[in-house]
Amino acid sequence: MTTLLPASASPAAGSRERRAGFLPYCLPSIGDEEIAEVVDSLRSGWVTTGPKTKRFEDAFAEYAGARHAIAVNSCTAALHLSLAAHDIGPGDEVIVPTLTFCSTANVVEHLGAKPVLVDVDAHGLVTAETIEDAITTRTRAILPVHYAGQAADLDPILALGQRRGIPIIEDAAHASGALYKGRRIGTHGRAVCFSFYATKNMTTGEGGMITTNDDALAARLRLLALHGMSRDAWKRYTAAGSWFYEVIEPGYKDNMTDLQASLGLHQLEKLDSFIERRRAMAARYTAALSDLEGLALPLELPHNRHTWHLFPVQLTNCDRGDFIEALKARNIGASVHFIPVHRHPFYRERYGYTPAQFPVAEALYAGMVSLPLYPKMTPGDEQDVLHSVREILGGPPTIHS
Ligand SMILES: Cc1ncc(COP(=O)(O)O)c(C=O)c1O
């Protein structure tokens, strides 16, 4: 796409269109409660996995309506462990939508298996039909991604998994607090993996969680998350603990620390209010931008309560790079979610994936831009984003409220 942006796309330096300070694409909302809790952990001496991690796991399990929650140090670790706990390895295939962060596919590679990339629909979500076409006798897991914060249509995917005997492991990195058909994301698939990375709807700096209703799977995940040892630090270093442990299998070092859990405990309490704020902002963005030609807006699908982790718009008749530069010239950050996995050199060269195999993801990728949308933004920040988008795209300046 080479359509030129209108002259109004480039503000003169110092003109009224340029914000005074840079608005980052994303910032976390960390309050005094989180800071005090981290300080409390530092003073207590529990700087690794300890009582607060356990409390955070219990609170998250209850929030997600799951029997078990296992806290880990990233969603990447959560995905990797969930696959490892299903003994996925060389010769196996795992189905992954191409419109995702690279880690969804990387973890499959780490285990020596093949990520079989599939296309997404117009909302960036993977569907049961596309997955079914990619199933072979070697398929050992399906990883649907709840792109941008709304669930993929899970019922047909779960039914397909059940019919073909293939576990569904959800990548819910964007979907803490999302609802699918009125039920929280966290127990639909066999294991559900969340991210608490700095940009996510709730954060522990770095961090992740796996929820499951399967007792045996939860036990294996706990074992694998900490060297395969029969006792974690909590069980060894408290007064009731014992020094003795055994390595049941060679596990990984993926445990969450109490410093991270200190943040998580308070972020979880605020999660629903964060989501409500994001939802209200998304509604205002939609009202303010829907009349613009050359811009398609993301939608909340009927079966979902969208958490609006991302607000990815589609530019239909201007160059995405120019648009991002024009935002930057106004001191506003933006991002792209995602460069499809099939485009990365490693995956392209190793498996010979070509853009023609993923027409929908390619079309989405060509015009996608994620606008800043997060609870820490002030009404003034929000107006700056909306005015800027309108000016850059040459729309009349009115912003409907
Ligand atoms: C869809 C998706 N999956 C997985 C991850 C990995 O999460 P983490 O950074 O917690 O490892 C991310 C992170 O951005 C993501 O967006």
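This is a predicted model: local features need pLDDT of at least 70, side-chain atom pairs count only at pLDDT 80 or more; totals for chains, interfaces and linings use all residues.
## Aromatic pairs

The model holds 13 aromatic pairs. One of them joins Phe-60 and Phe-194, with 4.9 Å from centre to centre and 70° between the planes, an edge-to-face arrangement. Phe-60 belongs to helix α2 (residues 51-64) and Phe-194 to strand β8 (residues 191-195), so this pair ties together parts that are 134 residues apart in sequence. Phe-60 and Phe-194 are both buried.

Another pair is formed by Tyr-285 and Phe-311. The ring centres of Tyr-285 and Phe-311 are 5.2 Å apart and the planes stand at 80°; because an angle over 60 degrees counts as edge-to-face, this pair is placed in that class. Tyr-285 comes from helix α9 (residues 258-289), while Phe-311 sits in the loop between β11 (304-305) and β12 (312-315), so the pair ties together parts that are 26 residues apart in sequence. Tyr-285 and Phe-311 are both buried.

## Ring cluster and charges over rings

Phe-60 and Phe-194 also belong to a cluster linked by ring pairs, together with Phe-56, Tyr-63 and Phe-196. Tyr-63, a member of that cluster, has Arg-184 over its face at 3.6 Å from the ring centre.

## A three-stranded sheet

Strands β10, β12 and β13 make up an open sheet, in the order β10-β12-β13, with antiparallel pairing. The edges are taken by β10 (295-296) and β13 (368-370); each has a single partner strand, so one side of each is left without a neighbour in the sheet.

Three bridges connect β12 and β13 in the antiparallel sense. In one of the bridges, Pro-312 is partnered by Ser-370 of β13.

## Helix α3

Helix α3 (residues 75-84) is mostly covered, with nine of its ten residues buried. The buried residues are Cys-75, Ala-77, Ala-78, Leu-79, His-80, Leu-81, Ser-82, Leu-83 and Ala-84.

Ser-74 caps the N-terminal end of this helix. The cap places a side-chain oxygen of Ser-74 at 3.3 Å from the backbone nitrogen of Thr-76.

## Ligand surroundings

There are 16 residues around the ligand, and those that come nearest are Thr-76, Asp-171, His-174, Ser-195 and Lys-200. Thr-76 has an N or O atom in its side chain at 2.5 Å from an oxygen atom of the ligand. Cys-75 contributes through its backbone, where an N or O atom lies 2.9 Å from a ligand oxygen atom. For Lys-200, a polar side-chain atom is 2.7 Å from an oxygen atom of the ligand.

Taken alone, the ligand exposes 390 Å², and the protein buries 92% of that area.

## Backbone exceptions

Most residues other than glycine have a negative phi, and most peptide bonds are trans. Asp-87 is not a glycine but has a positive phi of about 55°. Asp-87 is found in the loop between α3 and β2 (93-97), and its relative accessible area of 52% makes it exposed. Ala-148, also not a glycine, has a positive phi of about 70°. Ala-148 lies in the loop between β4 (139-142) and α6, and at 3% relative accessibility it counts as buried.

The peptide bond from His-337 to Phe-338 is cis, with omega near 5°. Phe-338 is part of the loop between α10 (320-329) and α11 (345-351).

## An exposed arginine

Arg-163 is a residue of helix α6 (residues 154-164). With a relative accessible area of 54%, Arg-163 is exposed. Its C-alpha atom is separated by 38 Å from that of Phe-274, a residue 111 positions apart from Arg-163 along the chain.

Terms used. Residues are numbered from 1 along each chain as its sequence is written. Side-chain values use heavy atoms; hydrogens and water are left out. Rings of Phe, Tyr and Trp (its six-membered ring) pair if their centres lie within 6.5 Å; planes under 30 degrees apart count as stacked, over 60 as edge-to-face and the rest as tilted. Helices (H or I, at least four residues) and strands (E, at least two) are DSSP runs, numbered from the N terminus. Buried means under 20% relative accessible area, exposed over 50%, partly exposed in between (1.4 Å probe, protein chains only). A charge sits over a ring if NZ of Lys or CZ of Arg is within 6 Å of the ring centre and within 35 degrees of the ring normal. Two strands pair if DSSP finds at least two bridges between them. A polar contact is a pair of N or O atoms within 3.5 Å; within protein, one must be able to donate a hydrogen and the other to accept it, and residues adjacent in sequence count only if both atoms are side-chain atoms. A residue is near a molecule or strand if one of its heavy atoms lies within 4 Å of it. Accessible areas come from the Shrake-Rupley method with a 1.4 Å probe; for residues, only the protein chains shown count as cover.
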